[in-house]
Amino acid sequence: MAFLRKVQLDEKFPPFAAYRESYGFVPNFFRAQAILPRLIEAQAGLEGVILKEGKAFSRIQKQKIHLVIAAALQDTYWVTARIATLQSLGLPGIHAGRLLEDFHQAGLSTAEVALLDFCLKLSLDWQNVGLGDIEKLRSHEFDDFAILEAVLTCALARFFSVFSAGVRPEPDFDPYELPAPTVAAPAGVPARSSGAHGSYQHGRQDPYIRTVYLSPKTFAPFAGVFKTHGFIPNVYRAQSLRPDVLEAVSRSVGTILVTGDVLSRIQKECIFVAASAAIQNSYCVAAHCNLLRGFGLSPEEGDQIAIDHHQSDLSDADKSLLDFSLKLAVRPFEVSREDIDGLRAYGFTDEQILECVAITALSNYVNMLQIGLGAEPDFELPHGYEQKKVYPPEAEDRHKREGLDVPTSTMEVEDPDAGLVAKAQAGELGAFEELIRRHSSSIYRALMAILGNPEESQDAMQDALLSSFRHIKRFEGRSKFSTWLVSIARNTALQRLRDRRDTESLDEGVEGEEEFRPRQIRAWQDNPEQLHSKAETKSLVEKSILGLPSKYRIVVMLRDIEQLSTEEVARQLGLTVPALKTRLLRGRLMLRESLAPHFAVSTGKAAT
Amino acid sequence: MITCDEFFAEFGDYLENRIPHEVRQELEEHLSQCRACHVLYDSTLKTVKIVTDSSSFELPASVSDRIIDRVMAKLNKEQS
């Protein structure tokens, strides 16, 4: 019996007609989702473009990939269904059986074996997939279109298997008995060697495969992506050889993730973040933590969900939902009916549980794409995020039982201040004094950025320093001490703004900001910094910055004077990255207008 | 070639060097042919550099010392 409540849909439901055509029947997998027909439509769209006859691979080849992946994941449902489909496409059952036993011995060409090896590695051991695997495919004459098609096919296979583990559809035919696996399904996510996480860095490298430029102005799916993120993340760009897939994906993501009628948007993003953290995909964690901030969740709260949702302020019900999602993401076929009943006991409807399954499956899909295509990170990771805290408790037990390397928490960030901090926490005033001397400049600039007035900033600095000493015992080393100290200063300044009810600077939306276009088009001198003395330049800059409306002043100061990263500024101010970028560009352009008389060609010479 | 509007849409990211290779090529082709955008780009880049290098809003050491001394005096008094 399937896990979730069933309803009957009209057989004329268009996706059913499409499935009848491609499978020869309507798989129970889709019927099991009838309580939310929009999910079925979303998958029909994806499947339609990914599994159809492609440039590189035939339908049979793609079905074979799905069959082999389903078998490796011990997904009886899809093994049975794929065998039936392969038969309907003309592949004799005996061939399918040989593929399942060991595809290396099934008389395939070496290229085809290499392809299946790659697909299995990506599906089961994705942490170790790298450029070398792509090069291996290229050595078998697979071009970039083929590689993209292969990765998409794998991603969809994993999506379907995680999904089927969560809903357990009844088999459509007599279940095929799986031979003992030749490739073991992983017990959980393979533990990364320590320090691997530190390699998450902003890269400027291109994806593994060729990309083409699709303008957000003319390519509708990118317009939506651009609106959400403020740029086109690499994981989308990496798929640019297949605009048709991007179109289908944008519709599916829209239907699965960007709806709020069953689970709320925030709940969904939390699931996405937690599931991505569980499969150790820093890229997706970073991207979606970023989005969570845009939904009014405080940065700390969003980050906490990635780090360990049990320690977050979520309700017990929501925590149990994330527990379920984590288990499904990491060990899909250990999910049982009891897990579903547990969620029902918390009051979740079957529709909500189904959506949670869909989002977890989607996080697996995106994970495969990002890893398989080598989309370099382009989001900043949350503070204190460590992939290792997110193991569900049972997973840790399991690791212990099996004598595997139990991931240990490495929350501590290496911090040059650590020694002094420990002393200061023990009450040593001398140590504290040394710490604040080290960081007094950053503290002052943070205050000036927000308050925009030297006297008031100096006054606030005193408050901030006293307050930091009173709270220093609460500092747990989740971030660098300097970051913590500056954030206390910032909060002190923000509180002062609130006290004088001057919050226009922070709360004002970004509407109307897009239209700002500069008017000054006079060229600037070649070495503008040599036109004035250092002191003069400093005074010009300070005057121009203080002349900006405060919301622009704050952003420009944090980004260009303090030199925090864009993501960090957005985080500190609780803005989305796109909103921040709009503000930053506008602030810089305003500064440019106000400095132009002193640096542009014709007046520059007269200015001194 | 892309239009000035298209250039401007990517301008912020271009300044931040957050542009993938293939887009950068398009933008640079535009820059090489459009004087107005080139001036805008050049002067904005110079603005950012001037601002970043200006050592603006540095707290004079004397002021910093005064504040820290005051804070430490207060804490010392509280502890005794």
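Chain B has four helices and zero strands. Helices here are DSSP runs of H or I with at least four residues, strands are runs of E with at least two, and both are numbered from the N terminus. The order of elements in chain B, from the N terminus on, is α-α-α-α. Keep in mind that this is a predicted model: local features need pLDDT of at least 70, side-chain atom pairs count only at pLDDT 80 or more, and totals for chains, interfaces and linings use all residues. Residues are numbered from 1 along each chain as its sequence is written, while chains are lettered from A and ligands numbered from 1 in the order in which they are written.

Confidence next. pLDDT is the predictor's confidence in each residue, from 0 to 100. Chain B averages 89, and 100% of its residues score at least 70. Within chain B the lowest mean is 88, in α2(B), and the highest is 91, in α4(B). For the complex, the predictor gives an ipTM of 0.92 and a pTM of 0.59.

How much of chain B is buried? Of its 80 residues, 30% count as buried. Buried means 20 or more other C-beta atoms within 10 Å of the residue's own; exposed means 12 or fewer; partly exposed is in between; the C-beta atoms are placed from the backbone.

One backbone detail in chain B. B:S55 has a positive phi of about 50°, although it is not a glycine. B:S55 sits in the loop between α3 and α4 of chain B. It has 14 C-beta neighbours inside 10 Å, so it counts as partly exposed.

Now the interface. The contact takes 42 residues from chain B and 49 residues from chain A. Contact means that two C-beta atoms, placed from the backbone, lie within 7 Å. On the side of chain B that touches chain A, the elements giving two or more residues are α1 (4–15), α2 (21–33), α3 (35–53) and α4 (61–79) of chain B. α3(B) supplies the largest share, 13 residues. By class, that side of chain B has 18 nonpolar, twelve polar and twelve charged residues. For the classes, Ala, Val, Leu, Ile, Met, Phe, Trp, Tyr, Cys and Pro count as nonpolar, Asp, Glu, Lys and Arg as charged, and the others, Gly among them, as polar.

On to chain A. It comes to 29 helices and zero strands. Of its 608 residues, 48% count as buried. Take the contacts in chain A with a separation of 6 or more: residues 24 or more positions apart account for 77% of them.

Two helix pairs are worth a look. Axes are lines fitted to C-alpha atoms, for helices over the stretch in contact, and angles run from 0 to 180 degrees between N-to-C directions. First pair: α1 (residues 14–23) of chain A and α3(A) pack at about 35°, with axes 9 Å apart. The crossing is left-handed. That term means the near helix is turned anticlockwise from the far one by less than a right angle; right-handed means clockwise. A:P15, A:A18 and A:Y19 in α1(A) meet A:I40, A:E41, A:A44 and A:G48 in α3(A). These contact residues divide into five nonpolar, one polar and one charged.

A:L540, A:S544 and A:I545 in α25(A) meet A:L591, A:S594, A:L595 and A:H598 in α28(A).

Next, α12(A). Which residues of this helix are buried? They are A:V245, A:L246, A:A248, A:V249, A:S250, A:S252 and A:I256. Their cover includes α3 (37–50), α9 (144–167), α10 (220–229), α11 (234–237) and α18 (350–373) of chain A.

α18 also holds A:I353. A:I353 has 24 other C-beta atoms within 10 Å, so it is buried. Leaving out residues up to four places away in sequence, A:I353 touches A:L4, A:I340, A:L343 and A:F348. A:F324 is 29 residues from A:I353 along the chain, and their C-alpha atoms are separated by 9.3 Å.

Last, a loop in chain A. A:Q563 lies between α26 (550–561) and α27 (566–573). Its phi is near 60°, a positive value in a residue other than glycine. Is A:Q563 buried or exposed? A:Q563 is exposed, because 10 other C-beta atoms lie within 10 Å.
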